[in-house]
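Please read these comments alongside the coordinates.

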Amino acid sequence: MADIVAGSERSETQSELRSLTVISVAHWLSHYYILVLPMLYPFLKDRLGVGFIELGLSMTVFGVVSGLTQAPLGYVVDRFGARKLLILGVCLGSIAFIILGFSLNYATLIGCAALLGLANSVYHPSDYALLAANIDGRRIGRAFSIHTFAGFFGGAVAPALVAALVALTSGTGALIATGVIGFAVALLLVLFPIPEASAATAANTNASADPNAPTSVLTPAIISLTIFFMLLGLSNSGISTFGVVSLMSGYGLVFSTANIALTAYLGASAVGVLAGGFLADRTHRHGDVAAACFAANVVLVILIAMFTPHPALMIAMMTLAGFLGGVIAPSRDMMVRKAAPPGAAGRAFGIVSTGFNMSGIVSPILFGWVMDQSMPRGVFWLAAFFMALTVLLAFVTERRKPSPAEAT
C-alpha cells in the first residue's frame, strides 16, 4: 500500500512539474512579446518614416486592447477551458508578428499591435486558472513564483534576443522569427497536454470551494485587489521607466552607474519572486507579507528621495528595494486565489490584472509630467506614495471581514 501511495505521489508531482514548465514557458513568451516592438523602434522608425510618438501609439493601442479584453476573456477561459484559449492566444500573437514582418507599414503596425494586445489578454487568466487547477495547494505559492520569474526572465532576455535576431537576419526577419518562436511554444502546449482548467475542474481544486461561497466574481475583495494591482504597477513602473533619467539628473550619477542601479533593482526583483514563493507556502496571511515588504520599501525609497547616497550605497538600496518588491508577487497571487469564487480563477485573475493595464496607461504620463517639471526626485517620492497606499490596502484586504455569503 505504501508503494502504491508513493508511486501515486510521484506521478502527481511529475504531472505538476510538466504543467508548471509548459505554462511558465508560455508566460516567458508573453513578456518577451511585450518588448519586441519597443526593441525594434529604431528599425521601425527608419523603415516607416514616422516619429517616436507614432511608434509609441502602437504600444498604447496594445495596452488599451489588452486592458479592455482581459476581464471578458477571463469569463471565456472559465467557460471554454484555459488551455484552449492559451494555445489560441499564443498562435494569434505569432500570426501578428509574421503578418507585420511580411507587410511592414504603419497601418499594419497598429493593426498588429491591437492583435498582440488581444493575444496578451489571454495569458494571465489562462495561466493562473491552469496553475490553480493543476498544482497542489501545498506548493502553489512556489508555482506562482516560478511562473512570475519566467515572465521576468522573458523581459530580461528580450533586448539581447531581438538584437541577435536582427543581426542574424534583419528587422523584418526578426519579426518573422519571433512569430516562429511563438508557434514553437504553441506546439509545446499541444505536445505536452496539461489537464484542462474550466469552471468544472477548477471548482473541484479550488481550496476555497464551499456551497455558501459567492458566485459573483465582482466581490469587494476582487475590486480591492484590482486597485491593489494598479497601485503596485504605478509604484514599480515609475522606477522602472524613469529610474535611470531620475538618477542621472537628480543625483548626478553617470549613465552607466544609473543603469547598473536599475539593473540591480530589476534583477533583485526576479530573485525576490523566487524567495517569495517559499514564503507564500508557509503563511496564510499573505496580505501581511505584502504589507510588511512594501512598508520596508516605503522607508527605503523615501531615504533615496531625501538624500544623495554614495553610488555604491545607492546600488545596494536599489537592490534591496527590488528584492522586497519581488518577494510580494507570489503572496499577491495567493490573495487573488483565495478571493476567487470556486471555478472562477480565470475571471478573477483577468479582472485584477486589468489593474496592471490601467497603471501601464497612467504611469508614463504621470511620471513623465513629474520629470517635465524638473523634479527628478519626485519619481521616488511618488513611487513611495503609491507604495504607502499599497501597504494600507493590503492591510485592509487581509482584515476585511467576509460577508455571510463569503464566510467558510
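The points below go from model confidence to individual side chains.

1. This is a predicted model, in which local features need pLDDT of at least 70 and side-chain atom pairs count only at pLDDT 80 or more, while totals for chains, interfaces and linings use all residues. Residues are numbered from 1 along each chain as its sequence is written, and side-chain values use heavy atoms, leaving out hydrogens and water.

2. Mean pLDDT (the predictor's confidence in each residue, from 0 to 100) is 86 for the protein chain, with 90% of residues at 70 or more. Where pLDDT is low, the predicted coordinates should not be read in detail.

3. The axes (lines fitted to C-alpha atoms over the stretch in contact, with angles from 0 to 180 degrees between N-to-C directions) of helix 6 (residues 140-168) and helix 10 (residues 255-280) come within 7 Å and cross at roughly 170 degrees. The two helices are therefore roughly antiparallel (over 145 degrees). Contacting residues include Arg142 and Phe149 of helix 6, and Val273 and Leu274 of helix 10.

4. Six salt bridges (side-chain nitrogen of Lys or Arg within 4 Å of a carboxyl oxygen of Asp or Glu) are present. One of them joins Arg142 to Asp281 at 2.6 Å, N to O. Arg142 lies in helix 6 and Asp281 in the loop between helix 10 and helix 11 (286-306), so the pair ties together parts 139 residues apart in sequence.

5. Arg332 and Asp333 form a salt bridge at 3.0 Å between the closest N and O atoms; both are buried (under 20% relative accessible area, 1.4 Å probe, protein chains only).

Definitions and conventions: Helices (H or I, at least four residues) and strands (E, at least two) are DSSP runs, numbered from the N terminus. Angles under 35 degrees count as roughly parallel, over 145 as roughly antiparallel, 65 to 115 as roughly perpendicular and the rest as oblique. Contact means heavy atoms within 4.5 Å. Buried means under 20% relative accessible area, exposed over 50%, partly exposed in between (1.4 Å probe, protein chains only).
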